[in-house]
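This note sets out several points for a reader who is meeting the structure for the first time. Please keep the structure in view while reading.

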Amino acid sequence: MYRARLGIRPGIWLGIAALLAAAWTASPAMALDADNPGSSGWRLLNLPVGVTSISRDVYRIHMIGLWVCVAIGILVFGVMIWSIVFHRQSSGAVADVTLVHNTKVEIIWTTIPVLILIGMAIPAAHGLVLISDDSHSQLDIKVTGFQWGWHYEYVGTGVSLVSKLDAKSMAASELDSGISPYSVPHYLRNVDHPLVVPVGTKIRLLIGAVDVIHSWWVPDFGIKKDAIPGYINQSWFEVDADKPGVYRGQCAELCGRGHGYMPIVVDAVSKADFQAWLKREAAAEKAATARASSS
Ligand SMILES: [Cu+2]
């Protein structure tokens, strides 16, 4: 037997405490998301819970994985630190070189991780099935990425629109524009024409591209899908009926010089408002076509 002595220099503990304090005080600096004024600091480090069944499921799976990792981390690092501190050579510990194999321990440390992995695979499989089930959609929208913007076509309605970076962001992003990005609301996260969708409606997206690979990503919907030229990817979302609002995303695939300048904005409105909007757009598009053919 030996007696453990805690002879670690206080400077090391002070250093660790200072690092933790610095991380804690720096966190409010991350509260820069204008869309989420209520959320601040640590909340922004996490995934958003979002406003669709997919995003909630993704969040749940993510939190299960996080807490499993935290528990394993505490356990493993706890044992490791305890061994390092209390069984170090300088305090008189002697390594047991006779212990090289223990079948019981090996069975335990194989079985437990397998059970943990199976436990995590079940909700993950449920999430994958949910994400891929785009059947029984109530509205289909064709999404086409291009350098650098998005084209949306409401299938079967004759309505389509091009959505590009808003003029204010564009002007401020010019070299030597003299315009402070901080003076532009939703700088680089705003568009001229948002994608308008009804809440409480299952919407299927048919996603493609015309030049290079882009990716349609809206975190609050839990969706990120590659837009690949010559290939149609499918995805879906249904915004909760009680969560109308403006949701922002970005192209998530490096697609060239303007990659950071092709945001996504989705305006989720009530079903009645959507029908009225669709009617207006269809009429405007019909009038434009008539004008073009008569001139
Ligand atoms: Cu892109």
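Helices and strands are DSSP runs numbered from the N terminus, a helix having at least four residues and a strand at least two. The model discussed here is predicted.

1. Overall make-up. The chain contains five helices and ten strands. Its radius of gyration is 27 Å, well over the 19 Å that the globule rule gives for 295 residues, so the chain is more spread out than a compact globule. The C-alpha trace spans about 100 × 50 × 35 Å along its principal axes.

2. Domains. The domain assignment divides the chain into domain 1, residues 46–132, and domain 2, residues 139–289. Between the C-alpha centres of domain 1 and domain 2 there is a distance of 39 Å. Eight residues from domain 1 and ten residues from domain 2 form the contact. On the side of domain 1 that touches domain 2, four residues are nonpolar, four are polar and none is charged.

3. A pair of helices. Two packed helices are described by the angle between their axes and the distance between the axes. Helix H2 covers residues 53–86 and helix H3 covers residues 103–132; their axes come within 9 Å and cross at roughly 165 degrees. Angles over 145 degrees count as roughly antiparallel, and H2 is therefore roughly antiparallel to H3. The crossing of H2 and H3 is left-handed.

4. Residues between H2 and H3. On H2, the contact residues include Ile-54, Ile-61, Ile-64 and Val-68. On H3, Ile-116, Met-120, Pro-123 and Leu-130 are among them. The residues of this contact comprise eleven nonpolar, three polar and two charged.

5. Two backbone details. Most residues other than glycine have a negative phi, and most peptide bonds are trans. Which residues are joined by a cis peptide bond? They are Gln-147 and Trp-148, with omega about 0 degrees. Trp-148 is in the loop between strand S1 (139–146) and strand S2 (149–154). Asp-176 is not a glycine, yet it has a positive phi of about 55 degrees. The loop that holds Asp-176 runs between helix H4 (167–173) and strand S4 (195–198).

Terms used
Residues are numbered from 1 along each chain as its sequence is written. This is a predicted model: local features need pLDDT of at least 70, side-chain atom pairs count only at pLDDT 80 or more; totals for chains, interfaces and linings use all residues. Axes are lines fitted to C-alpha atoms, for helices over the stretch in contact, and angles run from 0 to 180 degrees between N-to-C directions. Angles under 35 degrees count as roughly parallel, over 145 as roughly antiparallel, 65 to 115 as roughly perpendicular and the rest as oblique. A crossing is left-handed if the near helix is turned anticlockwise from the far one by less than a right angle, and right-handed if clockwise. Two residues are in contact if their C-beta atoms, placed from the backbone, lie within 7 Å. Ala, Val, Leu, Ile, Met, Phe, Trp, Tyr, Cys and Pro count as nonpolar, Asp, Glu, Lys and Arg as charged, and the others, Gly among them, as polar. Domain bounds come from an automatic or database domain assignment. The radius of gyration is taken over C-alpha atoms; the globule rule is 2.2 Å times the number of residues to the power 0.38.
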